[in-house]
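These are my notebook entries on a structure that was new to me. I wrote down each thing that I looked up, together with the cut-offs behind the words.

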Amino acid sequence: MSSAVTVSAATTVTEADTAKVEIRSVHKNFGPLHVLRGIDLDVRAGEVTVVLGPSGSGKSTLLRTINHLEKVDSGTVSVDGTLVGYRRSGNKLHELRERDILKQRTRIGFVFQNFHLFPHLTVLENIVEAPVSALKRPRKDAEAAARKLLDRVGLADKAEAYPKQLSGGQQQRVAIARALALEPGLLLFDEPTSALDPELVGEVLDVIKDLAASGTTMIVVTHEIGFAREVADTVVFMDEGRIVEQGPPGDVLDSPRHERTRAFLSKVL
């Protein structure tokens with residue numbers, strides 16, 4: 001049975017026509033906990049948006065609403081002008097069928113904090129699985145593309161290895177290659193380095209920096225302030241389910257306007 005979310009006609013915003021991602025008045029509750037409290041955010045094509053904030057501020061939940069891993073309670077999320085997870089009927093949004101949601105997700109790559117690789121599959125098989133099963137690509141073509149991706153992330157020699165034989169940094173680079181295998185128009189990263197030993201963080205960030213330089217549209221939830229300063233086009237600071245401040249890295253990180261942002265940065269810089 002489909003679920004419906006009420007939206008106002010005012011959520012149609014024409015001035016953001018060029019945005020890759022449009023988030024409008026998004027609220028999300030987990031029982032009595034109001035996790036997202038009216039989020040509005042645009043992400044332009046080819047840009048990198050870095051989301052900062054303390055634990056529990058709603059960063060990861062926001063990211064998961066973008067590919068409908070979490071259902072919104074009100075508001076809308078659109079990618080390339082198409083609602084994610086819902087179809088509109090009057091002033092109601094009705095949830096799509098699961099197969100249609102899965103089809104949407106093939107266009108939105110998601111890299112998780114803890115890799116989520118299949119332990120029983122080789123590195124190559126992990127990358128090939130989605131293009132073959134979801135996009136129905138010939139296995140030979142998918143394998144050729146996967147080997148190119150492994151070369152891109154510096155792991156060409158690990159195609160036949162299993163995840164348990166890799167370091168955490170290597171596993172995360174495989175996870176990035178797996179996300180890229182579907183050729184998504186948008187990449188989401190949820191704390192991609194937080195599960196790694198400090199000496200392995202750099203190798204993962206280097207891959208993400210390379211993707212940024214190539215013009216990949218990305219939203220990255222992270223605590224890596226140096227990465228945000230170097231790579232982000234826009235830095236978003238969240239607290240208690242709201243966007244407190246957003247803007248170019250130099251403005252938000254060096255001259256924050258809000259006391260809550262200043263207090264957070266004073267503890268992490």
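**Entry 1: the sheet**

I began with an open sheet of four strands, whose order is β3-β2-β5-β6 and whose pairing is antiparallel. I note that strands count as paired if DSSP finds at least two bridges between them, and that helices (H or I, at least four residues) and strands (E, at least two) are DSSP runs numbered from the N terminus. At the edges I found β3 (33-44) and β6 (82-83), each with a single partner strand, so one side of each is left without a neighbour in the sheet. I then followed strand β5 (residues 74-79) to β6, and found the two running antiparallel and joined by two bridges. S78 has L83 in β6 as its bridge partner. As a reminder to myself, strands of a sheet pair through backbone hydrogen bonds, either parallel or antiparallel.

**Entry 2: what I am looking at**

This is a predicted model, in which local features need pLDDT of at least 70 and side-chain atom pairs count only at pLDDT 80 or more, while totals for chains, interfaces and linings use all residues. Residues are numbered from 1 along each chain as its sequence is written, and side-chain values use heavy atoms, with hydrogens and water left out.

**Entry 3: salt bridges**

How many salt bridges does the structure hold? I found 16, where a salt bridge is a side-chain nitrogen of Lys or Arg within 4 Å of a carboxyl oxygen of Asp or Glu.

I looked up E183 and R137, which form a salt bridge with their closest N and O atoms 3.6 Å apart. E183 lies in the loop between α5 (168-180) and β10 (186-190), and R137 in the loop between α3 (123-133) and α4 (139-152), so the pair ties together parts that are 46 residues apart in sequence. E183 is exposed at 62% relative accessibility, whereas R137 is partly exposed at 26%.

I turned next to R229 and D254, whose side chains meet in a salt bridge of 2.6 Å, N to O. Because R229 lies in helix α7 (residues 225-231) and D254 in helix α8 (residues 249-254), this pair ties together parts that are 25 residues apart in sequence. R229 is partly exposed, with a relative accessible area of 38%, and D254 is also partly exposed, at 48%.

The pair E259 and R262 forms a salt bridge at 3.2 Å, N to O. I placed both residues in helix α9 (residues 259-268), where they are three residues apart, about one turn of the helix. R262 counts as partly exposed at 36% relative accessibility. I also noted that K28, R64 and E70 are joined into one network by salt bridges that share partners.

**Entry 4: the cavity**

My terms here rest on a 1 Å grid over the protein atoms alone: a cavity is a set of points where a 1.4 Å probe fits but cannot get out, a pocket is an open set with protein on both sides within 12 Å along at least five of seven lines, and lining residues have an atom within 4 Å of a point. Grid points are joined across faces, edges and corners, and a volume is the space filled by probe spheres set on the points.

The largest pocket has a volume of about 680 Å³. I listed 21 lining residues, of which R105, T106, A130, R178 and L182 lie nearest its centre. The elements that give two or more residues to this lining are α2 (98-105), β9 (108-111), α3 and α5, and α3 gives the most, with four. By class, the lining holds 11 nonpolar, six polar and four charged residues.

Terms used:
Buried < 20%, exposed > 50% of the residue type's maximum accessible area, 1.4 Å probe, protein only. Nonpolar A, V, L, I, M, F, W, Y, C, P; charged D, E, K, R; others polar.
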